[in-house]
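Please work through the exercises below with the sequence and the model open beside you. Each task is followed by a solution that goes step by step.

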Amino acid sequence: MSSIATDLLGDSPSQTHRRPMLPPVVRGLIWALIAFLVFNTLMSEVLDRMPYHPFVTRASVTVGWVAAVCAWLLGVGVWEGVVRPSFGFPTLWETPTDWRKYFMYSTDHRVIGLQYIFSSIGGFLIAGFAAMLMRLELMNQNLWVFSNPGAYLSTVGIHGTVMMFSVGTVGLVGGFGNYLIPLMVGSNKSAFPRMSGVSQWLVPAGIATVVLSPVLGQWTTGWRGYEPLASQDPAGIVFYYLGVFALTTSSLMVAINLTATILFKRAPGLTWNRIPMFAWGMLTVSLLNLIWLPEIQMTFLLGLLGAVIPFPYFTQVGSPLTYLEVFWLFGHPEVYIVVVPAFALWQEILPVMGQKSLFARQWGIIGLVFVMILSGMVWAHHMFTNMSNSQMLPFSFFTEIISIPTGFAYLVVIGTLWKARLRLTTPTLLVLMSMFNFLIGGVTGVLLADPVVNLQVHDSFFVVAHFHYTIIGAMIFSWFAAFYYWLPKFTGRMYSERWGKVLSVWIFIAFNVAFLQMFLLGLHGMNRWVPVYPAYLQPMNFQVSLFAILLGIGFVLHFLHIAWMWRHGPRVEENPWRSKTLEWQATSPPGDENFTTIPTVVRGFYDYSDDRPAVSVDVHADAPQGAR
Amino acid sequence: MGDIVGFAVAWIVTSALGELAVSAVRRGSIYYYTASNQALDGESAFGFILVMLVPVVAFIVVMLVYNMIRFRARGKEILRSQAQFYTNKVFVTVWIAISVVVNLLFYLHPTASALEQMFNGEEARYNRQDLIVNVTARQWQWLFNYPQYNITQAADANGNSVMFLPADRTIKFVLRSYDPFHTYDASAGVIHGFWVPAFGLKQDIIPGETRYLYIHTNKITSYDVNPMVRVQCTEVCGPGHPFMEAPVHVVSAADFQKWIASQQKQQQS
Ligand code: HEM
Ligand SMILES: [Cu+2]
Ligand SMILES: [Cu+2]
């Protein structure tokens with residue numbers, strides 16, 4: 001097969017010839033290392049010598065990092081795939097067809113989607129390992145895993161940052177979104193395949209940067225990187241800013257690509273009225289990303305300049321709260337960036353599993369859109385403990401009413417399930433669990449929105465429990481539902497229902513036992529960001545840790561199960577769930593092209609009142625047999 | 001029809017059980033331990049929201065479970081559901097109406113009503129007899145100062161900060177974040193959080209600002225009676241953050257005077 005990068009340029013395969021080359025990832029690492037050394041040395045030894053001339057300074061490490069990331073991107077294939085062709089050189093680059101294609105720059109949205117998924121799983125495992133260390137530490141009221149509180153706090157920061165920016169924001173959007181959206185809207189490509197190919201490689205770079213931050217020094221601010229504390233911290237905070245910059249840039253590019261794909265790449269007949277629910281979810285989160293990511297990037301750049309030059313914008317701006325305001329201005333939409341794809345997923349999966357028409361579809365969409373809009377109006381509910389009295393009433397009001405559009409997701413699902421023929425498969429179970437968990441997260445959110453209650457439970461483990469209910473409970477559970485639901489699409493193979501269900505019940509129990517008790521810990525006076533706490537809280541913390549570790553093991557077993565079935569699962573038919581959406585009309589896994597003939601959509605995808613397909617042509621009738 | 005009745009019965013039973021559980025929790029203590037009027041107000045707001053939300057939560061949980069069991073597909077074959085409908089005007093209208101009404105209710109009570117209570121408590125005219133405690137947060141220590149009694153730094157025999165308060169008095173905490181021992185370094189200040197869990201409120205302490213927190217103590221108690229009667233920093237403020245705590249003692253008026261006298265003596269020596 002010829003490379004897709006070549007296809008894009010219309011070169012014929014005969015022009016390409018293979019030069020011996022290192023594996024792209026290895027080459028990227030080597031180039032990055034060289035670039036870092038060269039530019040770091042240039043800065044610290046020549047351009048910006050400091051007293052006692054240390055080899056690594058904040059300025060040199062920043063410049064070295066920028067160079068290293070560029071070199072890394074070039075090394076994994078951007079050089080051959082983007083730079084050279086832009087100057088009119090022929091592409092001397094062949095895309096392998098085996099597993100190696102996942103370890104290099106690609107323009108195939110399905111490869112990119114899976115790469116994002118792998119990167120996200122990597123981030124999840126690393127940050128999850130950090131969580132296990134934290135929970136281990138908290139089993140005991142004294143320091144015993146960590147030697148000092150700064151080390152614990154750096155771990156909290158790495159955990160939160162990597163989880164939010166490489167899993168929460170990425171898993172369902174960069175991962176499943178990239179893979180599925182072109183398929184779901186009936187296109188063979190995404191709108192900007194090359195940009196998309198570049199953006200994925202920023203994720204491993206960003207994760208590595210944040211994880212390596214302790215090399216430069218501890219940072220104690222947690223994932224908010226908040227001023228004025230950040231400006232006191234040792235240099236580790238520099239890698240926080242840089243790593244998050246890489247990760248948010250990646251998400252921003254995903255957002256541009258997905259928005260354009262949904263707007264402009266839809267198959268004929270796929271009108272606004274027929275856009276699939278998951279695509280609606282991707283569209284609304286992408287708009288949230290487009291609005292809010294630039295805002296937080298500017299904030300972090302100012303923070304970075306403060307740490308490097310120093311350009312003390314936030315410490316000199318007059319109010320120490322400025323940083324927190326602009327952080328949460330993004331921070332609250334961010335939590336909806338995490339959870340809106342989950343809402344969309346519930347409404348995508350359940351009509352299929354119940355073989356029943358989607359109920360009150362327009363309310364589901366109105367819900368997604370209004371959650372998106374309102375999420376920008378509630379940021380200061382994170383600041384009830386430091387705002388003026390006059391701000392409390394409006395922010396409390398908007399926060400409370402966001403439950404109305406959120407509730408529409410439940411309205412749609414409940415109406416859809418009523419009198420359905422619901423197959424109790426693993427994805428169904430995980431979606432229902434996710435809905436239960438989010439309900440707990442939502443109810444405690446109503447409590448938190450009440451200022452008088454908030455002033456008691458804010459910054460305690462009550463809040464930690466609340467946001468993990470919305471993130472793990474809703475988003476991560478839905479993420480696993482997506483893995484199981486689309487595994488047959490990715491691989492043409494089926495997982496084991498028995499193992500899928502057993503493991504889902506496992507994580508459901510472990511999660512709820514661990515995190516329900518965290519609410520009680522918070523009410524009982526356990527504050528956040530502490531590796532050391534009063535002895536009376538120790539017994540409950542011990543139990544929380546025990547179940548948190550069981551939860552961690554459950555997640556790993558899920559991944560092992562999925563990985564095993566990826567290779568060894570029994571083969572299944574093309575459309576095992578009998579879905580009407582477009583991605584299931586292509587072969588599983590899709591061949592060289594998603595659709596040999598672009599389908600024409602003739603009716604909505606969620607009408608199960610008859611067997612008529614939603615498309616007018618059998619889209620892969622003439623696909624070559626060998627395509628799978 | 002049968003399904004609606006079946007569901008309704010399950011829902012009502014679950015709601016009733018839920019309400020019983022919530023009222024049992026409320027008879028105990030949601031906040032575990034309270035030592036101020038403000039904590040009682042917060043606790044009753046918390047309880048009110050729970051009482052109102054029990055039927056809502058029960059509706060959704062019972063729906064999910066009922067649908068899962070009652071409408072599950074039997075057998076291996078994939079069959080379309082017999083019932084197919086795209087919306088139900090009555091259900092959607094009632095749903096939206098209830099969610100709007102519940103939200104407005106919560107906004108009026110407890111949100112606005114309890115806030116009004118809190119704001120009133122902060123009005124100067126109610127607080128002429130307040131005991132003033134200047135609270136200074138530095139990295140990483142609490143300092144308590146009683147200006148009405150000329151006590152510059154309340155400390156126990158070992159020199160550790162300690163706070164004594166009279167019971168049944170309104171206390172006005174004056175919160176500041178700076179380092180009185182290193183005043184030349186103005187940028188040393190970071191945000192801290194002032195929280196006594198048993199008092200039911202907290203407030204962040206912002207460098208360069210003076211903030212107030214009002215509490216009306218309602219019982220004699222202390223850190224030794226319940227560890228929730230302690231000052232605890234709730235905003236991460238660097239590696240010393242976990243260690244920013246100080247014991248609180250709420251004592252009778254007479255004992256408070258005795259403590260004041262002993263502090264004054266300690267200060268002179
Ligand atoms: C195995 C599951 C997990 C466990 C046991 C766990 C545990 C914890 C703990 C103990 C903290 C520290 C709380 C504090 O003292 O403030 C924390 C913070 C946090 N977690 Fe998790 N977590 C898990 C998964 C996740 C996931 C999946 C996400 C998001 C996708 C996440 C996002 C966060 C964030 C944003 C913070 C705040 C960090 C900060 O304060 O800066 N966690 N987690
Ligand atoms: Cu928020
Ligand atoms: Cu602190």
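**Exercise 1.** Are His332(A) and His381(A) buried or exposed?

Before starting, note that this is a predicted model, in which local features need pLDDT of at least 70 and side-chain atom pairs count only at pLDDT 80 or more, while totals for chains, interfaces and linings use all residues. Residues are numbered from 1 along each chain as its sequence is written, chains are lettered from A and ligands numbered from 1 in the order in which they are written, and side-chain values use heavy atoms, with hydrogens and water left out.

*Solution.* Step one is the scale: buried means under 20% relative accessible area, exposed over 50%, and partly exposed in between, with a 1.4 Å probe and protein chains only. On this scale His332(A) is buried, and His381(A) is buried as well. His332(A) through ND1, His381(A) through NE2 and His382(A) through NE2 coordinate the copper ion (ligand 2) at 1.6 to 2.1 Å. Step three is the sequence, where these donor residues are spaced H-x48-H-H. His332(A) lies in helix α13 (residues 322–354) of chain A and His381(A) in the loop between α14 (361–374) and α15 (389–401) of chain A, so that the pair links distant parts of the chain, 49 residues apart. Helices (H or I, at least four residues) and strands (E, at least two) are DSSP runs, numbered from the N terminus.

**Exercise 2.** Find which residues coordinate the iron atom of ligand 1, and state why the arrangement is octahedral.

*Solution.* First, the coordinating residues are His159(A) and His468(A), each through NE2, at 2.0 Å. They lie in helix α5 (residues 149–168) and helix α19 (residues 461–491) of chain A respectively, so the pair ties together parts that are 309 residues apart in sequence. Finally, His159(A) counts as buried at 11% relative accessibility, and His468(A) counts as buried at 16%.

**Exercise 3.** Describe the site of the copper ion (ligand 3).

*Solution.* Begin with the protein donors, which are Cys233(B) (SG), Glu235(B) (O), Cys237(B) (SG) and His241(B) (ND1), lying 2.1 to 2.4 Å from the ion. Along the chain, the donors follow the spacing C-x1-E-x1-C-x3-H. Then turn to the geometry: the angles among the 4 donor atoms are 90 to 125°, and the site is tetrahedral. For comparison, ideal angles at a metal are 109.5 degrees for four tetrahedral donors. As for cover, Glu235(B) is buried with a relative accessible area of 2%, and His241(B) is buried with a relative accessible area of 0%.

**Exercise 4.** Which parts of chain A are tied together by the salt bridge of Glu80(A) with Arg27(A)?

*Solution.* A salt bridge is a side-chain nitrogen of Lys or Arg within 4 Å of a carboxyl oxygen of Asp or Glu. Here the closest N and O atoms of Glu80(A) and Arg27(A) are 3.0 Å apart. Because Glu80(A) lies in helix α3 and Arg27(A) in helix α2 of chain A, the pair ties together parts that are 53 residues apart in sequence. Glu80(A) is buried with a relative accessible area of 4%, and Arg27(A) counts as buried at 7% relative accessibility.

Notes:
Donors are N, O and S atoms within 2.8 Å of the metal (3.2 Å for Na, K and Ca); water is not among the atoms, so sites may look incomplete. Four donors count as tetrahedral if all angles lie between 85 and 135 degrees; four count as square planar and six as octahedral if opposite donors are over 155 degrees apart and all others between 65 and 115; anything else is irregular.
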